[in-house]
Amino acid sequence: MNILFYCPFKFSLESKKIKSLGGIESLNLELTQHLSHSKNKIYLASFCNKEFKKKNLINLPISKLKKESHNYNFDYIVSSNDPNIFDLFKNSKKILWIHNTLAIEKAFRKKKLLSILKNKITAVFVSKYLESKTSNLYFFNKKIIIPNFLSKKFIINKCNYKRKNNFIWSVQREKGLKETLNMWVDYIYPKNKKTKLFIFGIDKSKFRKLKNYYKKYNIIFLGRVKKDKLKKTYKTSLGMICLGYDETFCLNAIEANACGLPVITFGETALKDIIKNNYNGLIVKDYRSLSLKILELLNKDQLIKMKYINNSIRSSKKYHFNKIEKKWFNLFDNK
């Protein structure tokens, strides 16, 4: 079979920045790499400058794909969030891989609505939460839930139980960050002046003027970094703060769990299906209780901390690719 994965983002297989790609790009890249080991011929279309081939995986420039669409014949097209590509390939079976919420107004404004309505589309949602938030007015031919999978970069072979009393924020969106910073300054630092909070993913320039102020309270802004550095910090820290606003899946939480980090969260959106209270994380109701749970975790004895580490790693294993790949192969076989 010829299978096209359409990922309208700027990256390529040859890119030096592959280790710091965003979630959707990373998922497309890893999924196509895994599938290329099968007998199928896999294409990955992105905003790249030239065509690049690696075994059964071909990275196509989107400009070339659209300009020369008559030269290609795909059995399946899997498009991330963008249905417009389906209009160019009438005979291909169409799968819309939905990573983010798709409101009717937004689909109309971005000229996606007509492509959804006129094509016979199977919608693949990354979570039950996302499926529930998507309007039934799209009239998808079929709806399937396939969870995102854990990158092999975050799978650890040897667990580290010697943890520093540090915490992580790695959500790129800023909602809840200001309140979390205030909570840290007012409640955590006064009680434990050695504990650090590392902020990943947030544009450092937005906090340039306050960077030195927050550093006094052991809050360190690191911006976007390569996954290797993220993993290294995760493996030596005690917990992750991931509140749960606007999370359609929350790959960050899975990656944290895989490195032994329990996730402290409000348990909203997709996180309510990922985090189990007092098992692989802690569910809190507000910022005050968030601070209390952080202080409580800091003061737990080593055996309880080890239990959280083990439970977190154990819960992440159901998102290993060898568990998820069957769902993708079944999707192609059964259509």
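Q: How many aromatic pairs does the count come to here?
A: Rings of Phe, Tyr and Trp (its six-membered ring) pair if their centres lie within 6.5 Å; planes under 30 degrees apart are stacked, over 60 edge-to-face, and the rest tilted. Here that gives 21 aromatic pairs. Keep in mind that this is a predicted model, where local features need pLDDT of at least 70, side-chain atom pairs count only at pLDDT 80 or more, and totals for chains, interfaces and linings use all residues; side-chain values use heavy atoms, without hydrogens or water. Residues are numbered from 1 along each chain as its sequence is written.

Q: Take Tyr43 and Tyr72: what sort of aromatic pair do they form?
A: An edge-to-face one, with Tyr43 and Tyr72 at 6.3 Å centre to centre and 80° between the planes. This pair links distant parts of the chain, 29 residues apart. Tyr43 is in strand 2 (residues 41–46), and Tyr72 is in the loop between helix 2 (62–67) and strand 5 (76–80). Helices (H or I, at least four residues) and strands (E, at least two) are DSSP runs, numbered from the N terminus.

Q: Are Tyr43 and Tyr72 buried or exposed?
A: Both Tyr43 and Tyr72 are buried (under 20% relative accessible area; exposed is over 50%, partly exposed in between; 1.4 Å probe, protein chains only).

Q: And how do Trp328 and Phe332 pair up?
A: Trp328 and Phe332 are tilted, at 6.2 Å centre to centre with 35° between the planes. Both sit in helix 12 (residues 321–334), four residues apart, or about one turn of the helix. Trp328 and Phe332 are both buried too.

Q: Which residues do ring pairs link into a cluster?
A: Look for Tyr189, Phe207, Tyr213, Tyr214, Tyr217 and Phe221, which ring pairs join into a cluster.

Q: Which residues touch the most other members of the largest nonpolar core?
A: Such a core is a set of buried Ala, Val, Leu, Ile, Met, Phe, Trp, Tyr and Cys residues joined through side-chain atoms within 4.5 Å. The largest has 108 residues, and Phe5, Leu65, Ile294 and Trp328 touch the most other members. Helix 6 (residues 177–191) gives the most to this core, with seven residues.

Q: What is Ile294 in contact with?
A: Leaving aside neighbours within four places in sequence, Ile294 is in contact (heavy atoms within 4.5 Å) with Phe167, Met183, Trp184, Ile188, Ile241 and Ile264.
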